[in-house]
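Please keep both in view while reading.

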Amino acid sequence: MTPSGPTSRYAGLDLLASSVLLLGLEGEVRYANPAAENLLELSLKSLQRAPLFELFTNGSELAALCAQALAHQYADLRQDLSLQRSGREPLHVITSVSALGEGELLLELRENVQQLKLDREERILDQSQANKELIRNLAHEIKNPLGGIRGAAQLLELELPPHHLADLSEYTQVIIKEADRLQTLVDRLLAPHRKPHIVGDVNIHEVCERVRSLILAEFPSGLTIRRDYDASIPEFRGDMEQLIQVVLNIAHNAAQALAKRIAAGDAEIVLRTRVARQVTLAKVRYGLALDLHIIDNGPGIAPEIRDRIFYPLVSGREGGSGLGLTLAQTFVQQHLGVIECESRPGLTDFRILLPLP
């Protein structure tokens with residue numbers, strides 16, 4: 001197969017899930033399959049306007065790899081690259097280059113899923129840390145004037161003339177009650193950072209069973225909570241009350257999202273535990289990790305908030321505080337773990353990874 005042949009010769013490459021390009025000596029693109037167009041976010045016509053290497057600010061790395069393949073006629077030369085693009089996210093790819101003869105190259109690009117996962121976890125950790133600082137600072141800035149407002153309203157009520165007390169005290173009570181409501185909200189925002197981390201031996205299945213009984217007590221009919229446990233998971237050191245709160249917050253959100261299915265009688269939540277091996281959490285490699293899934297068959301998380309569900313005060317439910325998942329993420333991170341979510345209509349899967357001894 002040569003790049004000078006008709007397009008029909010590449011029909012087989014069009015069906016590949018991996019990105020494949022045929023390049024000339026100077027990096028000019030002679031062919032790109034649909035997967036490559038999707039990955040690079042450019043059509044074949046756009047890709048043919050300039051050498052491929054010019055798409056990236058560090059394109060010289062890719063050019064050097066191609067030149068090396070040409071010079072030594074490697075059957076398959078592989079390398080992990082992070083291709084930087086102006087104004088866009090970098091492409092973390094596993095690059096495979098093959099020399100086809102006559103100065104032509106077959107270039108295959110596959111996204112480096114592990115690197116993407118690490119980058120996503122790093123962004124989540126950075127965002128979580130920024131959220132913590134913002135919450136602390138904002139909460140303290142709100143608390144001080146709140147006390148003054150409440151105290152002033154109480155003093156004002158004491159100074160009201162007796163003949164106007166019944167009419168005007170209604171307004172001072174509104175001020176006092178709203179100040180108390182905001183104080184409660186601020187206390188809930190600060191709660192994860194105030195509670196001591198009480199460490200003991202934790203059996204994750206005890207945690208799951210406790211949560212299961214609490215949810216079923218609140219939703220006694222129309223909801224099934226299915227267990228899918230790996231009994232071989234060892235105990236580990238952690239704060240049992242915090243972990244119960246984590247699983248309860250997620251499972252309770254799921255149960256509330258399943259309202260229509262509960263009414264129909266086919267709502268289901270699955271509590272699944274497994275052992276994951278050779279897991280990297282927050283840039284640290286662990287031989288074993290707890291892999292806990294909380295899965296529901298509800299409507300899924302709205303796309304517009306899917307990337308922000310762990311942010312404080314973001315809620316997809318009418319009347320929700322938007323603090324349950326923020327609290328869950330904070331407690332999981334205090335256990336050196338990570339929490340992830342995948343959601344689509346009919347299936348929402350919260351995955352918690354915690355290091356095991």
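## A term needed at the outset

Angles under 35 degrees count as roughly parallel, those over 145 as roughly antiparallel, those from 65 to 115 as roughly perpendicular, and the rest as oblique. The structure discussed here is a predicted model.

## Helix α8 and helix α7

Two packed helices are described by the angle between their axes and the distance between the axes. Helix α7 (residues 204-218) and helix α8 (residues 240-257) pack with their axes 9 Å apart and at an angle of about 40°. The two helices α7 and α8 are therefore oblique to each other. Their crossing is right-handed.

From α7, the contact involves Glu 206, Val 207, Arg 210, Val 211, Leu 214, Ile 215 and Glu 218. From α8, the contributors include Met 240, Glu 241, Leu 243, Ile 244 and Val 247. Sorted by class, the contact of α7 with α8 holds eleven nonpolar residues, one polar residue and four charged residues.

## Helix α8 and helix α10

Helix α8 also packs with helix α10 (residues 324-334), at an angle of about 145° and with the axes 9 Å apart. The crossing of α8 and α10 is left-handed.

On the α8 side, the contact is made by Gln 242, Gln 245, Val 246, Asn 249, Ile 250 and Asn 253. On the α10 side, Gly 324, Leu 325, Leu 327, Ala 328, Phe 331, Val 332 and Gln 334 take part. What classes do the residues of the contact of α8 with α10 divide into? There are seven nonpolar and six polar residues, and no charged ones.

## The five-stranded sheet

An open sheet is formed by five strands in the order β7-β9-β10-β12-β11, with mixed pairing. Which strands stand at the edges? They are β7 (223-228) and β11 (338-344); each has a single partner strand, so one side of each is left without a neighbour in the sheet. From one strand to the next, the twist averages 20°.

Strand β1 (residues 19-23) is mostly covered, as five of its five residues are buried. In a regular strand the side chains alternate between the two faces of the sheet. In β1, Ser 19, Leu 21 and Leu 23 point one way, whereas Val 20 and Leu 22 point the other way, and all are buried.

Strand β1 pairs with strand β5 (residues 104-111) in the antiparallel sense over five bridges, and Leu 22 stands opposite Leu 106 in β5. Three bridges join β1 to strand β2 (residues 29-32), and these two strands run antiparallel. Here Leu 23 stands opposite Val 29 in β2. Strands β1 and β2 form a hairpin with five residues between them, and Gly 27 in the turn has a positive phi of about 85°.

Ser 82 is found in strand β3 (residues 77-83). Is Ser 82 buried or partly exposed? Buried means under 20% relative accessible area; Ser 82, at 23% relative accessibility, therefore counts as partly exposed. Leaving aside residues up to four places away in sequence, Ser 82 touches Asn 58, Pro 90, Leu 91 and His 92. The C-alpha atoms of Ser 82 and His 92 are separated by 4.5 Å, although the two residues are ten residues apart along the chain.

Thr 172 lies in helix α6 (residues 162-194) and is buried, with a relative accessible area of 4%. Again leaving aside residues up to four places away in sequence, Thr 172 touches Ala 153, Leu 156 and Glu 157. Leu 138, in helix α5 (residues 113-159), is partly exposed, with a relative accessible area of 47%. Leu 138 and Val 186 are 48 residues apart along the chain, and their C-alpha atoms are separated by 8.8 Å.

Technical notes
Residues are numbered from 1 along each chain as its sequence is written. This is a predicted model: local features need pLDDT of at least 70, side-chain atom pairs count only at pLDDT 80 or more; totals for chains, interfaces and linings use all residues. Side-chain values use heavy atoms; hydrogens and water are left out. Helices (H or I, at least four residues) and strands (E, at least two) are DSSP runs, numbered from the N terminus. Buried means under 20% relative accessible area, exposed over 50%, partly exposed in between (1.4 Å probe, protein chains only). Axes are lines fitted to C-alpha atoms, for helices over the stretch in contact, and angles run from 0 to 180 degrees between N-to-C directions. A crossing is left-handed if the near helix is turned anticlockwise from the far one by less than a right angle, and right-handed if clockwise. Contact means heavy atoms within 4.5 Å. Ala, Val, Leu, Ile, Met, Phe, Trp, Tyr, Cys and Pro count as nonpolar, Asp, Glu, Lys and Arg as charged, and the others, Gly among them, as polar. Two strands pair if DSSP finds at least two bridges between them.
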